[in-house]
Amino acid sequence: MKFKKLMSMALVGVMTLATVAGCTSGQSSNKDTFKIGGIGPLTGPAAIYGTNVMNAAQIAVDEINAAGGINGYQIEFKAQDDTHDAEKAINAYNSLKDWGMQVLLGTVTTTPCVAVAEKTAEDGMFQITPSASSTDVIVNDNTFQVCFTDPNQGTASAQYIGMNEIATKVAIIYNSSDVYSSGIEATFEKEAANQGFEIVSIEAFTDDTATDFSTQLQKAQSAGADLVFLPIYYTPASIILKQANDIGYAPVFFGVDGMDGILTMDNFDTSLAEGVILLTPFAADADDEKTQKFVAEYQKRYGEIPNQFAADAYDGIYAIKEAMEKTGCTPDMSVKEIGEKIIPIMTQIKVDGITGEMTWNANGEVSKTPKAVIIKNGAYVAY
Amino acid sequence: MKNFFTNMKKSTKNHLITYAGIIVAYAIMQILCGTGVASNLIKGLLVPICVYSIVAIGLNLCVGILGELSLGHAGFMCIGAFTGALATKLLYDYIPSKILMFLIALVIGTFFAALFGFLIGIPVLRLKGDYLAIVTLAFGQIIINIINVLYIGKDEAGLHFAFSNPNAINMNEETGVWLINGAKGITKIPSISNFTIGVILLIVSLFIVYHLVDSRTGRAIMAIRDNRIAAESVGINITKYKMLAFTISAAIAGAGGVLYSHNLSTLTATTNNFGYNMSIMILVYVVLGGMGSFRGSIIATVILYMLPELLRGLSDYRMLFYAIILIGLMLFNWSPKAIVWRQKVLSLLPFGKKGEKGKVE
C-alpha cells in the first residue's frame with residue numbers, strides 16, 4: 001500500500017516533469033526559417049502512405065532550400081506519426097505546434113485529417129493535405145487538397161467507363177470499413193445510373209477480411225460482369241488479381257488512384273496486372289523532366305519508386321511555396337497572419353506540378369485532370 | 001484530527017488517498033494550464049487520459065473483482081461513444097446548455113452500453129470458463145462492422161436509415177444531414193468534453209466502484225471470483241451477481257466512450273480506437289496497474305498513455321522503448337524476486353511497512 005502511495009506521488013511528479021519538458025521544447029522557434037509540419041501514419045498498417053508522403057516532402061523541402069528557400073528564407077520540415085488514428089493525430093498536431101509549426105502539410109489519411117482540420121480552423125492555420133480525399137476534410141476555409149476528392153473519383157470513373165463503352169456489366173468490390181473506398185463506391189454507384197452500363201454485383205469486405213476474395217469474385221463471375229471496379233488500395237487489389245487468375249476469371253479490372261503502387265509491390269507477379277486500367281494523376285514513368293528528376297532522387301534516397309501519395313506531397317510543398325511567395329510571407333509572422341495571407345490567394349495560384357497543372361476553388365478542392373492509364377508489359381501506358 | 005484518520009477504516013482511508021491524488025493532480029494541471037506553462041501536447045492529452053482511466057476502472061471491475069476476462073470493453077466504449085454522439089447531434093440545437101447536453105448524452109451512452117453488457121451477459125455469464133473472453137472479443141468486432149455499414153440521415157421529413165448502401169437512404173439531398181455516414185462515422189460533433197468534466201466523471205466512476213466493492217454485493221462478487229462452488233454453497237446467486245458486476249462494468253466503459261466522442265470533432269469505428277487493439281491496450285493498463293486495484297489502473301493508464309506521446313522525440317524508436325518499458329514494468333510488478341526486493345527497499349524507508357497484498361485499493 002505504501003508502495004502505491006509512492007507511486008501516486010511519482011505520478012504527480014511525472015506529470016509535472018512532463019509539462020516542464022514540454023514547455024522547454026515549446027518556445028524555441030527562431031525567426032529566420034519557415035516551419036512546415038507534416039502528420040501521417042509512419043508506423044502501423046497505413047505506414048507506407050505516410051512514409052511516402054514524408055520522404056517526398058523532405059525531397060521538395062531540400063530542393064527549395066538548395067535553390068534559395070522561400071522569399072530568401074530556409075524551410076524546416078518535421079514529420080510526426082499519427083498511426084492513422086484521429087486521437088493520435090491531435091497529439092501529433094499539438095506536439096508540432098509546440099515545435100513552432102506555421103503551416104501544416106497533412107494529414108495523410110482522411111479520418112485523422114477531419115479531426116485535425118477542426119483544430120487548424122480554430123488556430124487559423126493554413127493546411128494542405130496531400131492525400132486525405134474525403135469532402136469532410138475541406139469543410140473549413142483553411143484546408144486545401146492536393147488529391148482528388150472521393151466523389152470526383154467515383155463520378156469520373158463511372159463517366160470514363162460509360163463514355164468509352166469499356167463494359168456493359170460491372171461488378172464492384174470495395175472495402176466497407178474504409179472511408180476512402182466506401183466514399184468512391186457510393187458516388188460511382190450513383191453516377192452509374194446515368195451511364196450506359198449496369199451494375200450487376202456489389203460486394204464488400206473489411207480490413208479484417210482482406211485476405212480472401214474468392215466469394216466476391218465468384219459472385220461477380222456468375223453475374224456475368226465483364227468489368228470489375230476496384231475502388232481500393234493496391235494491397236487487397238493484388239490479392240484480388242491473383243485469386244481471379246486462379247479461378248480463371250478475366251474481366252477488365254478498373255482501379256482508382258489507390259491502385260497506384262501495384263507494380264512496385266514486393267512478391268507480386270506484375271503479369272497479373274496486365275490490362276488493369278486505373279485513373280491516376282501521377283505515373284512514375286512519365287517522361288517529363290520534373291517527374292523523372294523527382295523519381296530519380298527518390299530512388300536514390302529511399303531505394304524505391306515513389307507512388308502517387310509521394311507525388312501529391314511533393315506538389316503540396318510547392319503549392320505552399322508558391323502561395324507564400326505570392327504573398328511575401330516571412331518567418332516572423334504568426335500562424336494566423338500566414339493563414340490570413342495565404343488562404344485567399346490559394347484560389348488564384350496555379351501550380352504546375354508532377355501530378356499535373358493544379359488550381360484550387362474556394363472550397364479547397366483541387367482541379368487537375370485525371371489520366372487513365374492501362375498496364376501493358378509491366379508499365380503504365382496512356383489509355 | 002489525527003484520531004479521525006487513525007480510527008478510520010483502512011479501506012476508506014485508501015479511497016480518500018486516491019481521491020486526493022486525483023484532485024491534487026487536477027489542481028496542478030489546472031495551474032500549469034492557466035499560467036501557460038503546459039505545452040499544447042500535454043493539454044491535448046488530459047481528456048484522453050481521463051477517458052482511458054475511466055474505461056480501465058470499468059474493466060478492472062470485470063477482470064479484477066469479478067474475475068471474468070473481457071476482451072471487448074472497447075466495444076462498450078464504442079456503443080457509448082456512438083449513442084452519446086448521436087444524441088448530441090440530434091438534440092444540440094434544442095438544448096440551451098452544453099453541460100446539460102453532455103449529461104443527456106452521458107445518460108444515453110451509459111444506458112446503451114449497459115444494455116448491451118446486460119444482453120451479452122444473459123447467455124454467457126451462466127457458463128463456466130473463458131467464454132466471456134471469446135464472446136466479448138467477437139462482440140467488439142461485430143459492433144465496429146455494423147457501425148461501418150450503418151447510415152443514418154436527417155431531413156425535414158424525419159430520420160432515414162439505410163444499411164450497407166448510402167444511396168438507398170432516400171433523404172432530401174439539399175437539406176438532409178448525415179448523422180452516421182458508414183465508415184466516415186459521425187463528423188462535426190460539438191467538443192464539449194474538457195478536463196474538468198473528465199475528472200468529475202473519473203471521480204464519480206471511482207466512487208461507484210469503491211462503494212460497490214465495499215458493499216455486501218461486492219463481497220458476494222469477490223466470493224464468486226475466489227471460489228465459485230463455495231459461493232454457490234452459501235446461497236449466493238452466481239448469475240445475478242455476475243450480471244450486476246458485468247453490466248456496471250460495461251456502463252462505466254460506455255461513460256468513458258461518451259467523454260471520448262465529445263472530445264474530437266470526428267468519430268469513426270476502427271480497430272485502432274474501438275477494436276481488439278484498444279481492448280487489449282486497456283487490459284494492459286489494468287494488468288500492469290494491478291488487478292483489483294483501481295488506483296493502480298489510473299496510475300498505469302496515465303503513465304502508459306503519456307509515455308509514447310512524450311517519447312515523440314525519438315521518432316519511430318519510441319515503439320521500441322515503449323515495449324521495453326512495458327516488459328520492465330511487468331517484471332517490476334509481478335516477478336517474485338522484484339516483489340521481495342520492493343518489500344526490502346520499502347522496509348528500509350523510515351515510514352515503510354511490509355507491503356500488503358490482496359487488498360482493494
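Predicted model: local features only at pLDDT ≥ 70, side-chain atom pairs only at ≥ 80, totals over all residues.

Residues are numbered from 1 along each chain as its sequence is written, chains are lettered from A and ligands numbered from 1 in the order written, and side-chain values use heavy atoms, without hydrogens or water.

Chain B fills a C-alpha box of roughly 75 × 60 × 45 Å along the principal axes. Of its 361 residues, 54% are buried. Buried means under 20% relative accessible area, exposed means over 50%, and partly exposed is in between, using a 1.4 Å probe and protein chains only.

Now salt bridges: a side-chain nitrogen of Lys or Arg within 4 Å of a carboxyl oxygen of Asp or Glu. How many are there over all chains? The count is 16.

One is E118(A) with K188(B), with the closest N and O atoms 3.7 Å apart. That pair crosses between chains. E118(A) is partly exposed, at 24% relative accessibility. K188(B) is partly exposed too, at 42%.

Next, D312(A) and K368(A), at 3.2 Å between the closest N and O atoms. Are these two buried or exposed? Both are buried.

K321(A) and E325(A) also form a salt bridge, 3.6 Å from N to O. E325(A) is partly exposed, at 33%.

Last, a network: salt bridges link D62(A), E297(A), K300(A) and R301(A).

Technical notes: Helix = DSSP H or I, 4+ residues; strand = E, 2+ residues; numbered from the N terminus.
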